[in-house]
Amino acid sequence: MSEQFDVVIIGGGPGGYVAAIRAAQLGLKTACVDAFIGKDGKPALGGTCLNIGCIPSKALLDSSRQFHNLTHLFKDHGISADNARIDVPAMVARKDKIVKQFTGGITSLFKASKGNPVTAIAGFGTLHPGKVVRIKGHDGKEAEITGKHIILAAGSKPIELPFAKFDNVRILDNAGALDISAVPKRLGVIGAGVIGLELGSVWRRLGSEVTILEALPDFLAAADADIAKAAAREFKKQGLDIKLGAKVSKAEIKGEEVHLTYADDKGEQSLVVDKLLVAVGRRAATDGLLAEGTGVKLSPRGVIEVDGHCATGVEGVWAIGDCVRGPMLAHKASEEGIAVAELIAGLPGHVNLDTVPWVIYTEPEIAWVGKTEKECKDAGIPVKVGTFPFAAIGRAVAMNEPAGLVKVVAHAETDRILGLHLCGANVSEMVHEGVVAMEFHGSAEDLARICHAHPTMSEAIHEAALAVDKRAIHKAN
Ligand code: FAD
Ligand code: NAD
């Protein structure tokens, strides 16, 4: 007979492993099945985020930022660093060490769940009717377990373009772009989204000529237009060559080069690069996850259909994270994991998708929560906005980080905050002021009346909130 658990989770990324820890804390007998194999050939928990996503990309972003600052910005502080050079294998090894520390940390956390350890099972899980999970181990052996509850947390995979198949030597996905062993002279990127901008920035800062081809005519369409404009200006200064309205039709590997053909408003163009990163979005990783007859519904694009509480409609079967609707973000996946574990344990659990913050870890950083000015206008919501530039903030200038701005979007009649949008240094940490304010249904007036420490970057939020009512102190209204 197969072993019975209270909760079986398929997927050990930030959705699945966090759900597992919370379920175990709540006294539930929990198993977490995960198929990921790390760079060392061994099973590794943590999913995309810890292995080939959030953490390794931020490690490389930080290394490349240090190098760029040393070679470009330190001289403004009177610090000279002639003959600075980057040791790419050492930088990648540092990244790998950080990944290993965090993926290994999950194994320890599983053991330490309040005396109720999570059972980690390495292998590929498929859900069968009756809440049975069959697992194909990496050694080819098969096993079967059952759960009173099942949480599907299978995550996502990069979308592959039919004419640019990943080989991870010349044509790279996110994993390949995190493991380049020498700075490519010319890096091409398809897609000026989050991955294209972050990983394009890493290699640009280390000296690559980076060309990003984006199909849409607008830059960073998901962000507020004022923020996208300010960011685009800075990226241009950094030498990121972003070509908008560029429709790529061909990517041919010729020797050590990739030859691209694309069309823009000037007609057919060509581009030759040494490496090509394809970052055109991700898709739910639900291939092989569901056997016939489970009753779990998939959308035509393979996304698991769930309600507002991550229930699939099949009793006791839940789904969370990148394989369901909503933003593909690690913290969203984790919050859903906690909420579902709590719902299973009979507690209230809910995730407010309207207050999930977004961060793009470029330089300057881009961050937002809530609706853009355009989204409000398109929805017929009357708005008033306040903006404030970091160039007028003492701390930003003292730090040599004057780029960017803060924008508060508030309801024109109720003054309720509908969105906070930021572009600037360290705004990844500042966006949470907006999240808290919005969770507490705060108004622009509330933000404007809160005392902000001086001198800090956060004073720009205070001033932008004052500017909503045309009473900013340090700029003309
Ligand atoms: P995943 O992390 O994808 O985990 C799913 C796990 O399930 C994987 O280990 C997979 O192997 C396993 N699995 C799938 N199917 C099965 C099966 N049938 N049986 C067993 N195991 C299975 N988000 C942020 O919030 N901040 C960031 O800075 C950020 N940076 C990113 C950078 C990059 C380069 C990329 C690619 C993504 C980044 N993301 C970031 C997105 C983030 O990684 C995802 O939103 C997050 O990992 C989703 O978590 P998840 O648990 O839903 O899925
Ligand atoms: P994305 O959706 O952010 O961007 C993809 C871009 O590619 C879009 O601008 C799209 O218009 C463009 N595009 C699509 N097809 C194209 C084509 N054929 N030719 C040219 N351009 C094309 O996707 P991504 O950058 O692959 O990242 C996937 C997801 O991973 C993100 O949306 C995000 O959810 C997550 N992620 C988050 C972070 C973070 O939180 N900092 C970092 C990396 C990834």
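Which element gives the most residues to the shell around ligand 2? That element is α6, with 3 residues. Before going further, please remember that this is a predicted model.

**How the chain is divided**
- The domain assignment gives domain 1 (3–157 + 283–353), domain 2 (171–280) and domain 3 (364–468).
- If you look for the C-alpha centres of domain 1 and domain 3, you will find them 31 Å apart.

**Ligand 2**
- Because domain 1 and domain 2 both give residues to the shell around ligand 2, this ligand lies between them.
- There are 21 residues around ligand 2, and those that come nearest are Glu198, Glu214, Gly281, Met328 and Val359.
- Glu198 also has a polar side-chain atom 2.9 Å from a nitrogen atom of the ligand.
- The backbone takes part too: an N or O atom of Ile195 lies 2.9 Å from an oxygen atom of ligand 2, while a polar backbone atom of Ala215 is 3.1 Å from a nitrogen atom of ligand 2.
- On its own, ligand 2 exposes 830 Å², and the protein buries 76% of that.
- Two elements give two or more residues to this shell, namely α6 (194–205) and β18 (358–360).
- By type, the shell around ligand 2 holds 14 nonpolar, 3 polar and 4 charged residues.

**Ligand 1**
- Around ligand 1 there are 38 residues, and Asp34, Thr48, Lys58, Gly125 and Asp322 come nearest.
- The elements giving two or more residues to its shell are β2 (30–34), α2 (47–52), α3 (54–73), β4 (124–128) and α8 (330–344).
- Among the elements, α2 gives the most to the shell around ligand 1, with 4 residues.
- This shell divides into 18 nonpolar, 16 polar and 4 charged residues.

**Asp224, a residue in a loop**
- You can find Asp224 in the loop between β10 (209–213) and α7 (225–238).
- Is Asp224 buried or exposed? Its relative accessibility is 2%, so Asp224 counts as buried, since the cut-off for buried is under 20%.
- A polar atom of the Asp224 side chain lies 3.0 Å from the backbone nitrogen of Glu373.
- Leaving aside neighbours within four places in sequence, Asp224 is in contact with Thr372, Glu373, Lys407 and His421.

**Asn116, another residue in a loop**
- Asn116 lies in the loop between α4 (88–111) and β3 (119–122).
- Asn116 has a relative accessible area of 19%, so this residue is buried by the under 20% cut-off.
- Which backbone oxygen lies 2.9 Å from a polar atom of the Asn116 side chain? It is the backbone oxygen of Leu28.
- The backbone oxygen of Ala24 lies 3.0 Å from a polar atom of the Asn116 side chain.
- Not counting residues up to four places away in sequence, Asn116 touches Ala24, Gly27, Leu28 and Lys29.

Terms used. Residues are numbered from 1 along each chain as its sequence is written. Chains are lettered from A and ligands numbered from 1 in the order in which they are written. This is a predicted model: local features need pLDDT of at least 70, side-chain atom pairs count only at pLDDT 80 or more; totals for chains, interfaces and linings use all residues. Side-chain values use heavy atoms; hydrogens and water are left out. Buried means under 20% relative accessible area, exposed over 50%, partly exposed in between (1.4 Å probe, protein chains only). A polar contact is a pair of N or O atoms within 3.5 Å; within protein, one must be able to donate a hydrogen and the other to accept it, and residues adjacent in sequence count only if both atoms are side-chain atoms. Contact means heavy atoms within 4.5 Å. A residue is near a molecule or strand if one of its heavy atoms lies within 4 Å of it. Ala, Val, Leu, Ile, Met, Phe, Trp, Tyr, Cys and Pro count as nonpolar, Asp, Glu, Lys and Arg as charged, and the others, Gly among them, as polar. Domain bounds come from an automatic or database domain assignment. Accessible areas come from the Shrake-Rupley method with a 1.4 Å probe; for residues, only the protein chains shown count as cover.
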